[in-house]
Amino acid sequence: MSGSGYSFDREKIHLNVARMKVGKDVFEVVIDPDLALELRSGKSVSMHDVLKDEMVFTEARKGLRASEHKMQEVFGTSEPLEVARTIIMKGEVQETTEHRAKLVDEKKRKIIGIIHRNAVDPRNHIPHPIDRIERAMEEAKVRIDTRRGAEEQVEEVLNQIRPILPIKFETKQIQIRIPSQYGAKCYSVVKGFGKMLKDQWLSDGSWLAVVEIPGGLEPDLYDKLNAMTHGNVETEVIGTK
């Protein structure tokens, strides 16, 4: 028989729950939705961290607890953590509006970041500012799917914003020449931006490199090298694709 545990004040708290219906019986657990989704994706997460309360409810918002007898009958165990794991893995993870909005914003930022790093305006081969990409997405009424990875959605987003914003993914091959006193410390920085195609120390001690990078990172590379060498750097775009 379900008993009364404690009641959550609906005016003060919004609960994220995982819910599972078996026949006419409903079972709920109160969760951290981020950790619950990680658990469902196969990551190793402690149930003590996933659950906000280590009880199984028939209606969490009213604090109505599921009976041990009913859990044993339905799940083959009355152990709350085992039942909770089954509910999370096989049931429905319900999110509050606030939590879903947070996930949408985080996924949107990741998508914008990928586009900003890799894409340019094909008319001048210069990256679009982040706010311009974001405005184009808003104008195109792009819908973000929180259940899919950011990388999976990038091509779809590009197709939606192209009528509004000329944009394409581009890689650039950039030749860099740096005086000997700065070459060693700049090496790891340049390598971190992309794929090193050429790495040569010249007879005068200077360092010559060719690196292939996402088109959107070109200004960042120049800013970094200018700061590290106090402007004593020569760069040239020798290829794009």
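A: Let us begin with the word pocket. On a 1 Å grid over the protein atoms alone, a pocket is an open set of points with protein on both sides within 12 Å along at least five of seven lines, where a 1.4 Å probe fits, and lining residues have an atom within 4 Å of a point. Keep in mind that this is a predicted model, where local features need pLDDT of at least 70, side-chain atom pairs count only at pLDDT 80 or more, and totals for chains, interfaces and linings use all residues. Residues are numbered from 1 along each chain as its sequence is written, and side-chain values use heavy atoms, with hydrogens and water left out.

Q: Which residues line the second largest pocket?

A: Its lining consists of Arg100, Val104, Lys108, Met137, Glu138, Val142, Arg143 and Ile144. Helices are DSSP runs (H or I, at least four residues), numbered from the N terminus. H5 and helix H6 (130-139) are the elements that give two or more residues to this lining, and H5 has the largest share, with three.

Q: Why does the largest pocket lie between two domains?

A: Domain bounds come from an automatic or database domain assignment. Here the assignment gives domain 1 (17-93), domain 2 (97-168) and domain 3 (170-240). The largest pocket lies between domain 1 and domain 2 because both give residues to its lining. Taken over C-alpha atoms, the centres of domain 1 and domain 2 are 35 Å apart.

Q: What describes two packed helices?

A: The angle and the distance between their axes. Axes are lines fitted to C-alpha atoms, for helices over the stretch in contact, and angles run from 0 to 180 degrees between N-to-C directions. The axes of H5 and helix H7 (residues 150-161) come within 9 Å and cross at roughly 65°. Angles of 65 to 115 degrees count as roughly perpendicular and those over 145 as roughly antiparallel, so H5 and H7 are roughly perpendicular to each other.

Q: At what angle do helix H8 and helix H9 cross?

A: The axes of H8 (residues 180-193) and H9 (residues 218-229) cross at roughly 165° and come within 10 Å. H8 and H9 are therefore roughly antiparallel.

Conventions:
Parallel < 35°, antiparallel > 145°, perpendicular 65-115°, else oblique.
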